[in-house]
Amino acid sequence: MSRALASPSLAVQRGILGAVLLVACWEGAARGLHLPAYVLPAVSDILVGLWSKRAILVDAAGYTLLEALVGYGLGCLIGIGLAVAIALVPALRSAILPLATAINSVPVVGYSPLILLWFGIGVSSKIVMVAMAVSFTVLLSMLAGLDRVDRRAVDLMKSFGASRFGVLWRLRLPTALPLLLAGMRVSTVRSVIVAIVTEMLGAHGGLGWVIYQAVLQIDFVQVWAAIFVASAASLAFFGLIGFLERKILFWT
């Protein structure tokens, strides 16, 4: 028990130490080599810029997180729903998986012009893009979890009269939970990335829009400030899902 508690604490300490060393090296290199802002601004300058534009960055972060969270939730529902449908009707696998793989063989950004044309440059297009990116990852994770169930356990439940849905609910879903939650955790960062990249191609607001406008104005300190905020938002989202994963999978 004490070892389990000490391990996360040690990991946090190492993470903080690594971040401090990175910041110190970054600041020293930028100041010592007199690097121009368009190459690599000093961390202190980025923090000053972040504070001076905090109102704009906070609003932009809220805009981006709204798109990422709604798209993430929709993508998870689609991925889980398709995986459950395949589990209940195995014949669907040969139709759904090739189609999903074909769609996701192209980078999500490749669909941006079409999605922006169909759904406009508002929030809806970003939600659709995030949902596309997340659903495939969740689908594959969920399917892998559902497929790794012990066939002898399935046969045993069927011998006691369990239906296909009963086997799914009582055996296959609990078995799939670890892989499903791992896929959902990985998808958190991807959802924020897709939302930001799509905003750069056309949006009314968000961190991607702020980064694009800052590049046009040759304000690379603000670009880095927006990147810092985006990284913090991604880490917080990732940490939240990781926390929920540990609470749900308390037996692992």
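A residue is called buried here when its relative accessible area is under 20%, exposed when it is over 50%, and partly exposed in between, with a 1.4 Å probe and protein chains only. By that criterion, buried residues make up 37% of the 252 residues in the protein. The model is a predicted one, in which local features need pLDDT of at least 70 and side-chain atom pairs count only at pLDDT 80 or more, while totals for chains, interfaces and linings use all residues. Residues are numbered from 1 along each chain as its sequence is written, and side-chain values use heavy atoms, with hydrogens and water left out.

The protein has 10 helices and 0 strands; helices (H or I, at least four residues) and strands (E, at least two) are DSSP runs, numbered from the N terminus. The order of elements from the N terminus is accordingly α-α-α-α-α-α-α-α-α-α. Along the principal axes, the C-alpha trace spans about 75 × 55 × 25 Å. Contact means heavy atoms within 4.5 Å. Of the contacts with a separation of 6 or more, 73% are between residues 24 or more positions apart.

The phi of His34 is positive, near 55 degrees, and the residue is not a glycine. Most residues other than glycine have a negative phi. With a relative accessible area of 68%, His34 is exposed.

An α-helix has 3.6 residues a turn, so residues three or four places apart point the same way.

The next part concerns helix α3 and its partner α8. The axes of α3 (residues 54-88) and α8 (residues 164-201) come within 8 Å and cross at roughly 150 degrees. Axes are lines fitted to C-alpha atoms, for helices over the stretch in contact, and angles run from 0 to 180 degrees between N-to-C directions. Angles under 35 degrees count as roughly parallel, over 145 as roughly antiparallel, 65 to 115 as roughly perpendicular and the rest as oblique. The two helices are therefore roughly antiparallel to each other. The crossing of α3 with α8 is right-handed; a crossing is left-handed if the near helix is turned anticlockwise from the far one by less than a right angle, and right-handed if clockwise. The residues of this contact divide into 15 nonpolar, 4 polar and 5 charged. Here Ala, Val, Leu, Ile, Met, Phe, Trp, Tyr, Cys and Pro count as nonpolar, Asp, Glu, Lys and Arg as charged, and the others, Gly among them, as polar.

Ala68 is found in helix α3. Its relative accessibility is 0%, so Ala68 counts as buried. Beyond its neighbours within four places in sequence, Ala68 is in contact with Val130, Ser191, Val192 and Ala195. Ala68 and Lys126 are 58 residues apart in sequence, and their C-alpha atoms are 7.8 Å apart.

Met157 lies in helix α7 (residues 151-159). Leaving aside neighbours within four places in sequence, Met157 touches Ala162, Gly166, Val167, Arg170 and Leu171. Of these, Val167 is 10 residues from Met157 in sequence and 6.8 Å away, C-alpha to C-alpha.

Helix α8 also packs on α9, at an angle of about 45 degrees and with the axes 7 Å apart. That makes α8 oblique to α9, and the crossing is right-handed. Ile196, Glu199 and Met200 of α8 meet Leu207, Gly208, Trp209, Ile211 and Tyr212 of α9. By class, this contact has 6 nonpolar, 1 polar and 1 charged residues.

Within α9 (residues 207-216), Leu207, Gly208, Val210, Ile211 and Ala214 are buried. Seen down the axis, the buried residues fall within an arc of 160 degrees, so they line one face of the helix. The elements covering them include α3, α8 and α10 (220-248). In the loop between α9 and α10 lies Ile218. Ile218 has a positive phi of about 55 degrees although it is not a glycine. At 62% relative accessibility, Ile218 counts as exposed.

Conventions
The arc is that of the directions from the helix axis to the C-beta atoms.
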